[in-house]
Amino acid sequence: MTQDTPHDTMTGWHKSTYTHWEENACVEVGAGGDKVGIRDTKQWAIPNQDRPVLVLDAAAFGGLLDHLKASQP
């Protein structure tokens, strides 16, 4: 029996609006329940069960966004 991965349980995966196209530095964000997943778009060829996903609860993800926005020049 295979275990569900964040790729299976999270939906709405989309590229960040702050993607750096010229540097090919893209991340995708997906959500499931009270969790948010972040994954690297450059790893699309890795099978989902092996592809790394950073999973945060919604409050921690909000804190991360607040920190990143405050760090912008």
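The following dialogue goes through how to read several features of this predicted model.

Q: What kind of model is this, and which residues and atoms count?
A: The model is predicted: local features need pLDDT of at least 70 and side-chain atom pairs count only at pLDDT 80 or more, while totals for chains, interfaces and linings use all residues. Residues are numbered from 1 along each chain as its sequence is written, and side-chain values use heavy atoms, with hydrogens and water left out.

Q: How many helices and strands does the protein have, and what pattern do they follow?
A: Helices (H or I, at least four residues) and strands (E, at least two) are DSSP runs, numbered from the N terminus. Here there are two helices and four strands, in the sequence pattern α-β-β-β-β-α.

Q: Which strands pair, and in what sense?
A: Two strands pair if DSSP finds at least two bridges between them. Strand 1 (residues 11–15) is joined to strand 2 by three bridges, and the two run antiparallel. Strand 2 and strand 3 are antiparallel too, with six bridges, and strand 3 pairs with strand 4 over four bridges, again in the antiparallel sense.

Q: Which residues stand opposite each other in these pairings?
A: In a regular strand the side chains alternate between the two faces of the sheet. G32 stands opposite K35 in strand 3, and V36 has L56 of strand 4 as its bridge partner.

Q: What lies between strand 2 and strand 3?
A: These strands form a hairpin with two residues between them. G33, in the turn, has a positive phi of about 65°.

Q: How many salt bridges are there, and which residues form them?
A: Side chains of opposite charge can pair when their charged atoms come close. The criterion used is a side-chain nitrogen of Lys or Arg within 4 Å of a carboxyl oxygen of Asp or Glu. The whole structure has two salt bridges. One joins R39 and E28, at 2.7 Å from N to O. That pair links distant parts of the chain, with R39 in strand 3 (residues 35–40) and E28 in strand 2 (residues 27–32), eleven residues apart. R51 also forms a salt bridge with E28, and the closest N and O atoms are 3.3 Å apart. R51 lies in the loop between strand 3 and strand 4 (54–57) and E28 in strand 2, so this pair ties together parts that are 23 residues apart in sequence.

Q: What does R39 touch?
A: Contact means heavy atoms within 4.5 Å. Leaving out residues up to four places away in sequence, R39 touches H7, W13, C26, V27, E28, N48, R51, P52 and V53. In the protein, residues 24 or more positions apart account for 24% of the contacts with a separation of 6 or more.

Q: Where is Q49, and is Q49 buried or exposed?
A: Q49 is in the loop between strand 3 and strand 4. Q49 is exposed, with a relative accessible area of 57%. The C-alpha atoms of Q49 and H7 are separated by 7.7 Å, although the two residues are 42 residues apart along the chain.

Q: What span should helix 2 have, and what is found at its start?
A: The expected span of a helix is 1.5 Å times one less than its number of residues. Helix 2 (residues 58–71) has 14 residues and should span 20 Å; its end C-alpha atoms are 20 Å apart, which agrees. At the start of helix 2, a side-chain oxygen of D57 comes within 3.2 Å of the backbone nitrogen of A59.

Definitions and conventions:
A polar contact is a pair of N or O atoms within 3.5 Å; within protein, one must be able to donate a hydrogen and the other to accept it, and residues adjacent in sequence count only if both atoms are side-chain atoms. Buried means under 20% relative accessible area, exposed over 50%, partly exposed in between (1.4 Å probe, protein chains only).
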